[in-house]
Amino acid sequence: VEASIPEPLREAWRKHSASEFTNKEEFETELVRHIETTLARSLYNCDELAAYSGTALAFRDRLIIEWNKTQQRQTFTDQKRVYYLSLEFLMGRALDNAMLNVGMKEAAREGLKDLGFRIEDVINQEHDAALGNGGLGRLAACFLDSMATLNYPAWGYGLRYRYGIFKQEIINGYQVEIPDYWLDNNPWEFPRHEITVDIQFYGNVKKIQDENGKITHSWEDGEVVQATAYDVPIPGYGTKTTNNLRLWSSKASSGEFDFQKFNAGDYESAVADQQNAETISAVLYPNDNLERGKELRLKQQYFWCAASLFDIVRRFKKTKRAWSEFPEQIAIQLNDTHPTLAIVELQRILIDKEGLEWDEAWGIVTKTFSYTNHTVLPEALEKWSVPLMQNLLPRHLQIIYEINLFFLQSVEKRFPKDRDILSRVSIIEESHPKMVRMAYLAIIGSHKVNGVAELHSDLLKTTLFKDFVEIYGPDRFMNVTNGITPRRWLHQANPRLSALIAEKLGGYDFLKDLTLLDKIEAFVDDKAFREEWSTIKRENKLRLAKHIKSTTGFDVNPNALFDVQVKRIHEYKRQQLNIFGVIHRYLSIKAMSAEEKKKVVPRVQIFGGKAAPGYWMAKTIIHLINKVAEVVNKDPEVGDLLKVIFIEDYNVSKAEIICPASDISEHISTAGTEGSGTSNMKFVLNGGLIIGTCDGANIEITREIGEQNIFLFGNLAEDVEDLRHRHFYGDFKIDPQLERVFDAIKSNTFGDKGDFSALTASIEEHGDYYLVSDDFNSYITTHDMVDEAFQNQEEWLAKSITSVARMGFFSMDRVTNEYADSIWNVEPLPVRD
Ligand code: Z16
């Protein structure tokens, strides 16, 4: 392609090619140009929002120049690429990240100052890109940052939701959901109106036999919806590589069908079709760890998978390679089972459209895909009803049955004596109605399956996927413990700590190789270093205290122990255990003499997180937290010794303020229920200690930082089944201290007891599935140990520094390299200037 362009033409393009600002002066020129022309503002009416837009546009220009070069380079070298398919990308804000990754934040700071703005205020104008629920979506965002930083040729594919995760308001203690319309004036996306794909739904399948007797299938007469690409540039840190996140938006197909309606004067119904099509990408489903089997969700999944696969195949076909080379050129990672239809869609393209034989096609498919599982919770595992799928995707259902048939035949051959195994491993569950088990389909269609932390991956192998380990052998199943990007979660969120570390290490190399952090352990006894370390924590606590004051009106004491639990509200994550512990503390303080009170460690108990709108128990927990806060915070007997704060609308940009400000954070899921958790890593990397159960990545964190540096408590995963069994047979007594807490709730201490009866009953009467009572004693005694440890500030500080020094393992870059080496088999594409 390159060679076909004549030299004079190339010369003209080269001469006028866009250039990048390289210093403060040039940045200011770009900024003012955008403010005056793109935004049509001036010195006289440029507010902070306009300053933000102008700055974003100036940086966007830089990103897009590098984006273009990166894409050209990737096309030209044509080496293997990774495609990361995720229904969620919880990106947060882009400007600060772009400035730091490009390395021009200081130039921007000075430039904005010259023009009358504070960079922090400008950064704060940006709306979070919140196209995700929680850990799974944020993991996808960390993957993008890391893949770009490590120069992997990698694209993300997702949906461009018009509404991201709802905004949470707390009104009278209750969660209220507000729609998050975020797309107006988003400078970070590039509409690609020329890149569209027609996606079909419904219709029926025709069988066609040709002269040679060969049977082919044709899927006809469906409804067609159009997918349009929107591209978001993803800059790496300290590299020119700028990858692509492609998000699909839906609208009515511009095909003849619709024009006919308009021409026939059926204007209203043509507009209705348009709106109907647009609903596919309208809204992110707000559930974390729950699948509800709604038809629109399945439509979203197929729409996104089919558009992405079409795009990937189109790109591959341009290279004119043989189909057998497809898996050598392309690796597709499935983020959970949400994109499992991509497996079926590729098989369909290969056999129905490209005319390959089943076996050859299936070999290509399984070599291409790999699947990450994020949970063992049964309510989160996707199953789709067969009648629903039959109606929406008739050809895909046929192919799924075919995949299942061949699979079951091979299993039967290998295990002829096992009568039950076929029904256990069948993709189709023989229930009423029959259900398609998406996790099984994902395993069968992939060459690698991984869990996200050691305990989680072990549980997959010994419970959920046990039969599949027998069938395929252990090599298909592996663990890759999650990580986080140190760029956002250390450098961006905690610039002073990052600078202190850089000062000791002689530069910021640790942001690209986090294992270098281990060198700060040598300074654990260095007086000046320690002082600076605790000053930084204090500053970060003050910043959070300010945020709390301005959003809740409450004053909190920055010398108090800040105890934080921020994450989605879920019974398995046990915010109820935390708030019951707080009530226990409150009752204890109220029973104390003035002398005894002097020994109490003052605490600020901070909560934050969203409940799925239909999850009543989670909403009840939020309500209880807010009611406890109301009572405790104004109780003169308690004063500064205990404050309870619920931070509204927890999201990525708030996490960037909260994580650096914790003394201790809570990761207290019932053992065996949390896949990994990733905020645990964020808190420790920012010098906070943690209290946690032996669950998810808490286990690897303990291994890395040492058990003297973490507060572990509670029953182990291996004991959970037995304990639940005992509850079931009534063979247990509720913990007496917890009973005291319930007595307080039931005597209306925190408002109408009726508001919380479902919550107390779930523990007292309905089997205490999450073992709150079983772990309560161990939880509160461990909190007493936390208080005691906090009183020795010198030792606390040593734990904080040592822990940070040992966190290198949790860099997302280690995670990305593990996927690249053992799953994708892709190489980085080194950057040349
Ligand atoms: C999600 O956020 C997670 C799992 C899941 O099945 C669905 C959603 Cl939306 C989380 C896990 O709960 C968490 O433990 C893990 O750290 C995270 O995925 C990333 O792997």
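Author: We begin with contacts: two residues are in contact if their C-beta atoms, placed from the backbone, lie within 7 Å. This is a predicted model, in which local features need pLDDT of at least 70 and side-chain atom pairs count only at pLDDT 80 or more, while totals for chains, interfaces and linings use all residues. Residues are numbered from 1 along each chain as its sequence is written.

Reader: Which residues does Phe 303 touch, not counting residues up to four places away in sequence?

Author: Phe 303 touches Ile 199, Val 225, Ala 227, Trp 248, Ser 250 and Ile 280.

Reader: How is a nonpolar core read, and which residues touch the most other members of the largest one here?

Author: In soluble globular proteins, nonpolar side chains tend to be buried together. A residue is buried if 20 or more other C-beta atoms lie within 10 Å of its own, exposed if 12 or fewer, and partly exposed in between, with C-beta atoms placed from the backbone. A nonpolar core is a set of buried Ala, Val, Leu, Ile, Met, Phe, Trp, Tyr and Cys residues joined through C-beta atoms within 7 Å. The largest such core has 217 residues, of which Phe 303, Ile 625, Val 628 and Ile 645 touch the most other members. Helix 7 (residues 135–149) supplies the largest share of this core, nine residues. Helices (H or I, at least four residues) and strands (E, at least two) are DSSP runs, numbered from the N terminus.

Reader: Is Ile 123 buried or exposed?

Author: Ile 123 counts as buried because 22 other C-beta atoms lie within 10 Å. This residue is found in helix 6 (residues 119–123). Its contacts, leaving aside neighbours within four places in sequence, are Leu 95 and Asp 96. Ile 123 and Ala 51 are 72 residues apart along the chain, with 9.4 Å between their C-alpha atoms.

Reader: Why does Glu 470 count as partly exposed?

Author: Glu 470 has 15 C-beta neighbours inside 10 Å and therefore counts as partly exposed. Glu 470 lies in helix 19 (residues 466–472).

Reader: Where does a cis peptide bond occur?

Author: The bond from His 432 to Pro 433 is cis, with omega near -5 degrees. Pro 433 lies in the loop between strand 15 (428–429) and strand 16 (435–437).

Reader: Which domains contribute to the shell around the ligand?

Author: Domain bounds come from an automatic or database domain assignment. At least three residues of the shell come from each of domain 2 (80–93 + 129–382 + 446–481) and domain 3 (558–805). A residue is near a molecule or strand if its C-beta atom, placed from the backbone, lies within 6 Å of it. Of the 19 residues around the ligand, Gly 135, Leu 136, His 374, Thr 375 and Gly 675 come nearest.
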